[in-house]
Amino acid sequence: QLSCLVKMVTLHGIPKDLDNYPEDLLLFLSPSEYAATGSCRQYFANLGKANLDVLQRESSQRKQLLLEALACLKIPDTQVDEENAEILGRLVCDLGGEYIRSSGGNLLKQLSRCESFLPDQEEAIRSVVSSGNTTFGPPAAWSAFTLNELSGLIPVFDHSILQKIPK
């Protein structure tokens, strides 16, 4: 339905008010098509709010969107800073474990919004959280607020992490 809607909306070119349309439509446009109405950064900031699960997890379309986002944001290696993590939004759900490890805690907030994780991602999340080298600090120092912020990651935490969190 969304791909049909994109065809209808873009029949006479990309509308100037594209930012007023639902973010999910952007999943079916390429950044180069969007460039006519704004920057690729703006495109990915809007796309990061979309429901990525409209596209199959390991689909070539999702992989391509992530590659184009990393290129647009000029992320040369596996380290993503907080500002770019914010722009990537839900696209961080597709970053591999090496990105999660290299970025430290910069991705945790966005990762907590993901529906599911691959084993490599889960291992990386546990590693980063266990290190305590995040803005949230070590699990022993967490509060109810911290748990609320990271609530989507709780199913990933193993016993060694959970037992350190204060009651």
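Is F157 buried or exposed, going by its relative accessibility? Keep that one in mind while we look around; the model you have here is a predicted one.

Let's settle the opening question. F157 has a relative accessibility of 6%, so F157 counts as buried, given that buried means under 20% relative accessible area. W142 passes the test too: its relative accessible area is 5%, so W142 is buried.

The rings of W142 and F157 sit 5.6 Å apart, centre to centre, with 45° between their planes, and that makes the pair tilted. Now find them along the chain: W142 is in the loop between α8 and α9 (144-149), while F157 is in the loop between α9 and α10 (159-162). Because of those positions, the pair ties together parts that are 15 residues apart in sequence.

## The other ring pair

How many aromatic pairs does a search of the whole structure find? The count is two. As for accessibility, Y43 and F44 are both buried.

If you wonder why two numbers keep turning up, a pair of aromatic rings is described by the distance of the centres and the angle of the planes.

Next, look for empty space. Rolling a probe the size of a water molecule over the atoms shows where such space is left. The largest pocket holds about 220 Å³ of space. Its lining is made of 14 residues, and those closest to the centre are E58, L66, D94, L95 and G96. Two elements give two or more residues to this lining, namely α4 (60-72) and α8 (119-131). The largest share comes from α4, with four residues.

What classes of residue make up the lining of the largest pocket? Seven are nonpolar, five are charged and two are polar. And why does the pocket lie between domain 1 (1-74) and domain 2 (95-166)? Because both domains give residues to the lining.

## A buried glutamine

One last stop is Q110, which you'll find in helix α7 (residues 108-111).

Key
Residues numbered from 1 in each chain as written. Predicted model: local features only at pLDDT ≥ 70, side-chain atom pairs only at ≥ 80, totals over all residues. Heavy atoms only, no water. 1 Å grid on protein atoms, 1.4 Å probe; cavity = no way out; pocket = protein on both sides within 12 Å on 5 of 7 lines; lining within 4 Å. Points joined across faces, edges and corners; volume = space filled by probe spheres on them. Nonpolar A, V, L, I, M, F, W, Y, C, P; charged D, E, K, R; others polar. Domains from an automatic or database assignment. Phe/Tyr/Trp six-rings, centres within 6.5 Å; stacked < 30°, edge-to-face > 60°. Buried < 20%, exposed > 50% of the residue type's maximum accessible area, 1.4 Å probe, protein only.
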